[in-house]
Amino acid sequence: MKVKVIHCFCSLLLFTACSIQSEPFSERDRIAVRFSLSGIQAEVSTRADGDGTSPLAEGTTLRILAFKRVGTNADLSKDEYMGEGTYKVTGNTLDSDSPLLLQEDTYDFYALTPALTVKQAGTGMRTYIVSVGYGDDYATSLSKAKHVSMKSPTITLETLTRHCAKLGFRAFPILGNISSLRIHSIEMTNMVKSPVEKPLNEPIPMADGDAGTTLTLTEFVSTTKMEFSTSTIALPRKAGAFKLTMKALVNGIEETYSASLPTGLAFQPGYCYDFTIKLKGDAAALELSALPWSEHSQGTGDMGAFYNITLTVVKGWENVELDGGSLGESTTN
């Protein structure tokens, strides 16, 4: 009988010790932090309502992590991780899938979209890394020294900064000698190897293209029977040699259009690059324009010849040159 009592008492001690280790503060001290959508935008270097920015799209997911500072400045290699939560944009609100629970205190909040997994890596000094690939509209922000309390559980986050580029493609005939058209695929060679692992809230480095990496797009939206479009999010890429190839069914005949694009062309974070392919039987015009993401989403902005380029190539496509200037490293956010 005494043995049973001692066994139960030890079990109780073990359970209590485990509970204290996993719960740094009691249930009644936990505050479910809320986040305001009013400060959350995802455009390039813009802030506050009414400045032409676009709010996050419906269904956009975010992961928000809280850290308590060890020193004077925010430093992820030293600061103490306090928890994280995941959220989704619903209408004009940010609903929690898994809420962030904290004690009353002052924290630094790191937000990222989409809600990619953040891993702790490194030896000695802590490092928090994220794996980003094609299709991830990756954006982050750091909201410093925000106080959380029962009376004020809502935090307004800083504007998210985009770290990738957007590529758009549109193809259509401009002469009546094309009676039917279907786009099978568009390929871009020598693209950056995906995914890329990078420290949380730091820019993705402008990397060289990788000879073995080809970005292939096969899903297209058809606004009419003769016009096709598609887009994707791409990792930043330094200027360098690469090729664009389009495979299509034109008037019932399989055609391949391939062009070695200018070596001065780079894909910079926060920019949209739109390729327009105008088919005209024995020839095709390849036009390229680039705008900062915020201006592109508004349909505004006059960037001049430096950013608007026409690349005219014949059927079968050959090497092409930039007509209107460089879209390389000199283009800045």
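Reader: Where is the place of Leu-56?

Author: Leu-56 is in the loop between β2 (34-36) and β3 (61-68), where strands (E, at least two residues) and helices (H or I, at least four) are DSSP runs numbered from the N terminus. This is a predicted model, in which local features need pLDDT of at least 70 and side-chain atom pairs count only at pLDDT 80 or more, while totals for chains, interfaces and linings use all residues. Residues are numbered from 1 along each chain as its sequence is written, and side-chain values use heavy atoms, with hydrogens and water left out.

Reader: Why is Leu-56 called buried?

Author: Buried means under 20% relative accessible area, exposed means over 50%, and partly exposed is in between, with a 1.4 Å probe and protein chains only. Leu-56 has a relative accessible area of 11%, and therefore counts as buried. Leu-56 also lies 9.7 Å from Leu-160, C-alpha to C-alpha, although the two are 104 residues apart in sequence.

Reader: Is Ile-64 buried or exposed, and what makes it so?

Author: Ile-64, which has its place in strand β3, is at 0% relative accessibility and so counts as buried. Between Ile-64 and Thr-140 there are 9.7 Å in space, C-alpha to C-alpha, and 76 residues in sequence.

Reader: What makes the pair of Phe-35 and Tyr-87 edge-to-face?

Author: Rings of Phe, Tyr and Trp (its six-membered ring) pair if their centres lie within 6.5 Å, and planes under 30 degrees apart count as stacked, over 60 as edge-to-face and the rest as tilted. By this rule the count comes to 11 aromatic pairs. The ring centres of Phe-35 and Tyr-87 are 5.3 Å apart and their planes stand at 80°, so this pair is edge-to-face. It links distant parts of the chain, with Phe-35 in strand β2 and Tyr-87 in strand β4 (residues 80-90), 52 residues apart. Phe-35 is buried because its relative accessible area is 6%, and Tyr-87 is buried because its relative accessible area is 2%.

Reader: What kind of aromatic pair do Phe-169 and Phe-275 form?

Author: The pair of Phe-169 and Phe-275 is stacked, with 5.2 Å from centre to centre and 10° between the planes. Phe-169 in strand β13 (residues 165-173) and Phe-275 in strand β21 (residues 271-279) are 106 residues apart, so that distant parts of the chain are linked. Phe-169 and Phe-275 are both buried.

Reader: Which residues do ring pairs link into a cluster?

Author: The cluster consists of Phe-35, Tyr-87, Tyr-107 and Phe-109, linked by ring pairs. Tyr-107 also stands opposite Lys-146 in β10.

Reader: How do you know that β7 and β10 pair, and in which sense do they run?

Author: Two strands pair if DSSP finds at least two bridges between them. Eight bridges join strand β7 (residues 105-113) to strand β10 (residues 139-148), and these strands run antiparallel. Strand β10 also pairs with strand β12 (residues 161-162) in the antiparallel sense, over two bridges.

Reader: In which order do three strands form an open sheet, and which are the edge strands?

Author: The order is β8-β9-β15, with antiparallel pairing. The edge strands are β8 (118-121) and β15 (196-199), each of which pairs on one side only. Strand β9 (residues 127-132) is joined to β15 by four bridges, and Val-130 stands opposite Lys-198 in β15.

Reader: What makes Asn-190 and Asn-201 partly exposed?

Author: Asn-190 has a relative accessible area of 24%, and is therefore partly exposed. Asn-201, at 24% relative accessibility, likewise counts as partly exposed. Asn-190 lies in the loop between β14 and β15, whereas Asn-201 lies in the loop between β15 and β16 (215-217).
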